[in-house]
Amino acid sequence: MNELLEMLKRAVMLGDEEETVRLVGEALHTGLLPRTVLEEAMMPARAELGERFSRNEAFIPELIVAAMAMEKGMEALKPFLAGEERGRGLVVLGTVHGDIHSIGKNLVRMCLEGAGFQVVDIGEDVRTERFVEAYREHRPDILGLSALLSSTMQRMPEVIEAVRAEDPSAVIMVGGAPVTREFAERIGASGYAPNAFEAAVKARELLSATD
Ligand code: B12
């Protein structure tokens with residue numbers, strides 16, 4: 001791998017915001033394409049950290065500081081990403097009512113943005129009616145629902161039903177620690193992903209299926 005990209009990947013993983021922003025600038029100055037910076041340094045940093053997290057070799061504080069560095073890096077990179085890069089599709093994303101967990105959702109947002117999606121994050125503890133309103137307002141290509149509690153994930157079918165009453169062909173992706181592929185299928189979600197990295201892969205897949 002290009003040495004600069006390797007350094008950038010390390011800076012993101014260490015959560016070094018200043019170094020991340022500096023290296024994004026330096027990479028662009030040396031003529032590297034924004035998309036290359038994204039796909040060969042920032043996304044792999046997130047993926048590697050995610051893998052370490054699954055092996056219990058990295059912990060939540062590390063994920064959080066890395067996510068913050070990634071966000072700063074994305075801010076620096078965004079103006080250089082061509083319209084095509086940002087225009088992969090629009091996703092409205094929120095955590096369901098009664099649930100204030102935001103970390104996983106925010107990581108999903110960052111990975112989706114990293115993969116070129118535009119994301120409208122409507123926050124946490126989002127009531128079903130608010131999901132419907134946001135769907136009506138933005139007409140997203142995908143609606144993403146997050147839940148971290150086994151109690152609040154029971155809200156997901158209600159949201160799916162209400163949004164599908166508005167648009168029967170709504171594409172709805174669900175996720176969060178207690179959510180399983182079987183649960184997602186049972187409640188009629190269009191897709192599920194176990195982590196933020198795979199959420200971006202799944203979102204691409206869902207959109208190419210509806211093309
Ligand atoms: C941090 C945390 C909190 C923080 C949240 C801070 C914040 N801003 O998010 C605070 C302290 C506020 C909190 C509160 C509570 N929490 Co809490 N919390 C956690 C903890 C430690 C980590 C969650 C987390 O951020 N994980 C890291 C992220 C990266 O993982 P993730 O959220 O799963 O997200 C990934 C995937 O699931 C997926 N994903 C997530 N969303 C989506 C969406 C889509 C569309 C897709 C495709 C994918 C996807 O991608 C993400 C990134 O890879 C977990 C325990 C644990 N170790 O997991 C408990 C945990 C989730 N909490 C729990 C509980 C019980 C609570 C409380 C009820 C405690 C209490 N008695 O008050 C309250 C609930 C408040 C509420 N109403 O929501 C339980 C839930 C048990 C259950 N199954 O119901 C857990 C499992 C702890 C436990 N072992 O008991 N919590």
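An open sheet of 5 strands, in the order β2-β1-β3-β4-β5 and with parallel pairing, is present here; two strands pair if DSSP finds at least two bridges between them, and helices (H or I, at least four residues) and strands (E, at least two) are DSSP runs numbered from the N terminus. This is a predicted model, in which local features need pLDDT of at least 70 and side-chain atom pairs count only at pLDDT 80 or more, while totals for chains, interfaces and linings use all residues. Residues are numbered from 1 along each chain as its sequence is written.

- Strand β1 (residues 90-95) runs parallel to β2 and is joined to β2 by 4 bridges, and Leu 93 stands opposite Asp 121 in β2.
- Helix α6 packs on the sheet, where α6 touches β1, β2, β3 and β4, and the direction of α6 makes about 170° with that of β1; residues are in contact if their C-beta atoms, placed from the backbone, lie within 7 Å.

**The two domains**

- The protein is divided into domain 1 (3-84) and domain 2 (87-210), with bounds that come from an automatic or database domain assignment.
- The centres of domain 1 and domain 2, taken over C-alpha atoms, are separated by 24 Å, and 13 residues of domain 1 are in contact with 11 residues of domain 2.
- On the side of domain 1 that touches domain 2, α3 (34-54), α4 and α5 (83-86) each supply at least two residues, and α3 gives the most, with 6 residues.
- That side of domain 1 divides into 8 nonpolar, 2 polar and 3 charged residues, where Ala, Val, Leu, Ile, Met, Phe, Trp, Tyr, Cys and Pro count as nonpolar, Asp, Glu, Lys and Arg as charged, and the others, Gly among them, as polar.

**Helix packing**

- The axes of helix α1 (residues 3-14) and α4 come within 6 Å and cross at roughly 130°, axes being lines fitted to C-alpha atoms, for helices over the stretch in contact, with angles that run from 0 to 180 degrees between N-to-C directions.
- The contact of α3 with α4 has 11 nonpolar, 1 polar and 2 charged residues, including Leu 38, Met 42 and Leu 49 of α3 and Leu 63, Ala 66 and Met 70 of α4.

**The ligand shell**

- Of the 29 residues around the ligand, Ile 103, Gly 104, Ser 146, Gly 175 and Asn 195 come nearest, a residue being near a molecule or strand if its C-beta atom, placed from the backbone, lies within 6 Å of it.
- α4 (60-77), α6 (103-114), β3 (142-146), β4 (172-175) and α10 (196-210) each supply at least two residues of this shell, and the largest share, 5 residues, comes from α6.
- By class, the shell has 16 nonpolar, 11 polar and 2 charged residues, and the shell draws at least three residues from each of domain 1 and domain 2.

Methods. Contact = placed C-beta atoms within 7 Å.
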